[in-house]
Amino acid sequence: MIALDDPQRDDVRALLEQHLAYSREVTPAAGVHALEVEELLAPAMAVFSARLDGRLLAVGALKQLDETHGELKSMHTAAAARRRGAVRALVEHLLSVAASRGYRQVSLETGAMESFAPARSLYAALGFQPSAPFGPYVGSSTSACMKIEIDPDAERAPGTD
């Protein structure tokens, strides 16, 4: 089940802290753009979790950049759930939420290093394309930015105009 969640919830906080620790481990300090749990409480953020039988599999956030542009943040999968489709389902859900909010584009930043190759591959498989750096990622040699355009008509119910 994928649903809105509280980044302060114990298991969600723990997985977000693992995400931050991993980012700090494989990325030079100046290039770490992962957010602290407290930053995920901002009004522009919506944190979601993917769970199976109550067990946390993955987390991710959707940040509103403006009325038509969102950003994926803090995507992380629990080690035991990797390569089982949880984060793919979570990204697809976040894209659906973005479409329902009227976003025309969703961007993301992930690491440019080899350790982030699986993430870049997953995003590409979901339709994200490499893009120019945006926002705080401009000038970051450790960042790989991607984006996907959202068709506002794609999410409409059949038979509606």
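Why is strand 2 largely enclosed by the rest of the structure? Seven of the eight residues in this strand (residues 45–52) are buried, so the rest of the structure largely wraps it up. Keep in mind that you're looking at a predicted model.

- Seven strands make up an open sheet, and their order is 1-2-3-4-5-7-6. The pairing in this sheet is mixed.
- Strand 1 and strand 6 (129–130) sit at the edges, each pairing on one side only.
- As a bit of background, strands of a sheet pair through backbone hydrogen bonds, and they can do that in a parallel or an antiparallel way.

**Strand 2 and its partners**
- Strand 1 (residues 2–4) runs antiparallel to strand 2, and three bridges join the two. If you want a spot to look at, Leu4 has Phe48 in strand 2 as its bridge partner.
- Strand 3 (residues 55–66) also runs antiparallel to strand 2, joined to it by eight bridges. Here Val47 stands opposite Ala61 of strand 3.
- Strand 2 and strand 3 form a hairpin with two residues between the strands. In that hairpin, Asp53 takes a positive phi near 50 degrees.

**The strand 6 end**
- Strand 6 pairs with strand 7 (residues 143–149) in the antiparallel sense, over two bridges.
- Look for Gln129, which stands opposite Lys147 in strand 7.

Conventions
Residues numbered from 1 in each chain as written. Predicted model: local features only at pLDDT ≥ 70, side-chain atom pairs only at ≥ 80, totals over all residues. Heavy atoms only, no water. Buried < 20%, exposed > 50% of the residue type's maximum accessible area, 1.4 Å probe, protein only. Helix = DSSP H or I, 4+ residues; strand = E, 2+ residues; numbered from the N terminus. Pairing = 2+ DSSP bridges.
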